[in-house]
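I opened my notebook to look up some salt bridges and a helix. Here is what I wrote down, with the structure alongside.

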Amino acid sequence: MPTPSLATLPIRRLTLRDLTACADLSENRGWQREEHKWGLLLTAGQGYGIDDPEGGLVAACVVTEYGPEGRPDLGALGMVLVAERHARRGVGRRLLRHIMSAARTTPLTLHATPMGRPLYEELGFKVVGQADMLMGDFVPSRAPERTPTRAATAEDLPAILRLDAEVFGIDRTPLLARLPAFADQLRVAEESGRITGYAAAWPNMGTHVVGPLIARDTETAKALVTSLAAHTGRPLRTDIDTRHDELRTWLKERGLAPVAVNAVMTCGTPDLPGDWTRRFAPLTVAAG
């Protein structure tokens with residue numbers, strides 16, 4: 001029986017049953033397997049994929065929507081992958097066009113690698129910023145922290161959600177409500193009984209990823225990172241908005257080294273909503 005053409009293979013919704021196939025696809029392209037992250041994205045977001053008749057996936061992508069259910073204000077695209085043996089044959093373009101058509105008028109955003117950026121530009125995405133991926137063993141400063149932080153409790157979640165919606169510009173409760181179970185640490189900065197920032201550290205292939213990182217100012221962001229680092233023996237990894245140069249410089253002084261710079265891109269909106277001055281790092285670049 002002849003092998004079906006890639007152009008005729010159906011695009012379908014992915015579920016948690018596809019987690020291993022998604023992790024296999026990541027590994028096929030030289031990425032880490034990241035089952036923990038895939039699990040979050042496939043439950044909080046919507047996966048799309050193309051099955052390979054010979055087994056596994058030809059391609060995959062996940063869309064995480066924010067705002068009212070059924071009429072989202074923003075969709076974040078992530079984990080756009082095409083199996084090596086099917087690369088450069090238009091599969092990724094076809095999958096993305098399908099997703100963009102399904103999104104209709106919903107603005108979209110994504111973090112693009114240098115390799116993926118030309119395709120996204122062809123599809124109408126524009127660069128609106130950059131994120132600097134940093135990783136390494138955090139070396140704490142000997143100076144005492146001036147901003148108090150503590151572990152978050154269940155009672156803090158409503159305040160965290162209110163702060164996040166104010167800073168991110170859109171309600172993302174369905175994603176953040178999963179954060180206490182997803183992350184190994186969730187900490188807040190507090191002043192006079194008011195939460196002024198929060199950050200999480202979640203496990204990913206031998207590291208702890210710091211994100212989200214939302215803070216009133218750079219000093220608060222530093223205090224949150226320091227408190228997270230104090231409670232882990234793993235290297236830290238995070239993706240810092242390059243406009244936060246002071247924090248990036250400080251992280252490098254504390255032992256984190258640059259790994260990659262990704263372009264932040266949007267389609268259907270001239271820029272991302274919210275207050276970037278308090279938005280230091282995303283939960284993951286795959287979810288915007």
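I began with a network of salt bridges that links Asp-24, Glu-27, Arg-33 and Glu-35. For a salt bridge I took a side-chain nitrogen of Lys or Arg within 4 Å of a carboxyl oxygen of Asp or Glu. My search of the whole structure gave 26 salt bridges.

A note on the source: this is a predicted model, where local features need pLDDT of at least 70 and side-chain atom pairs count only at pLDDT 80 or more, while totals for chains, interfaces and linings use all residues. Residues are numbered from 1 along each chain as its sequence is written, and side-chain values use heavy atoms, with hydrogens and water left out.

Next I looked up Asp-18, which meets Arg-12 in a salt bridge (2.7 Å, N to O). Asp-18 counts as buried at 11% relative accessibility, and Arg-12 as partly exposed at 29%. Buried means under 20% relative accessible area, exposed over 50%, and partly exposed in between (1.4 Å probe, protein chains only).

Then I turned to helix H8 (residues 218-229), where Glu-219 and Lys-222 are three residues apart, about one helical turn. I took helices as DSSP runs (H or I, at least four residues), numbered from the N terminus. The closest N and O atoms of the Glu-219 and Lys-222 salt bridge are 3.3 Å apart. Lys-222 is buried at 12%, whereas Glu-219 is partly exposed at 32%.

My last stop was helix H4 (residues 117-122), which holds Glu-121 and Arg-117, four residues apart. Their side chains form a salt bridge (2.9 Å, N to O).

Notes: Helix = DSSP H or I, 4+ residues; strand = E, 2+ residues; numbered from the N terminus.
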